[in-house]
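Thanks for coming. Please have the sequence and the model open while I talk.

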Amino acid sequence: MSVFHARILASDALFFDGDCEFMVVPCTDGAMGILSHHSNMIAAVVPGELRFQPVGGPLRTAAVSAGLVKVEAGEVMLLVSTAERPEDIDVNRARRAEDAAKEALLQKKSMQEHRNAEAQLARAISRLRTKEHWNSRR
């Protein structure tokens, strides 16, 4: 199988840098699959579960927040605010964040505060789903 080089960058650290067989990225139009020789493109990433297969390693998953994915010249660059491995996700903390975001959405606030609460809710739900999927595969 052909491979491609991938770099996954979170705002605070390099999450992954290496060769992959495939990658599935959560985008605005649904999950986007990327294989080697993918056409050049840029797409918006939404909070969700990222899946990728490093060469010679097990399938890996991560909860990612909003960002961008760029495919150019046979390389993939994924830029996101946060990327978390399922084993690093604290379910209780994610549930508290989900509850707080839901409560913030119910409050009469500015549009900016409303958008922030929506983003926080999407991230919390993404983290919980990623952890749940990871636990079901173990």
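In which strand does L79 lie? L79 lies in β8, where strands (E, at least two residues) and helices (H or I, at least four) are DSSP runs numbered from the N terminus. This is a predicted model, in which local features need pLDDT of at least 70, side-chain atom pairs count only at pLDDT 80 or more, and totals for chains, interfaces and linings use all residues. Residues are numbered from 1 along each chain as its sequence is written, and side-chain values use heavy atoms, without hydrogens and water.

Back to L79. Because its relative accessibility is 39%, L79 counts as partly exposed; buried is under 20% relative accessible area, exposed is over 50%, and partly exposed is in between, with a 1.4 Å probe and protein chains only.

Now the whole chain. The chain has 2 helices and 9 strands. In order from the N terminus, the elements run β-β-β-β-β-β-β-β-β-α-α. Of the 138 residues, 36% count as buried. The C-alpha trace spans about 50 × 35 × 25 Å along its principal axes.

Take V25. Neighbours within four places in sequence aside, V25 is in contact (heavy atoms within 4.5 Å) with residues including M32, I34, V45, L50, V69 and L78.
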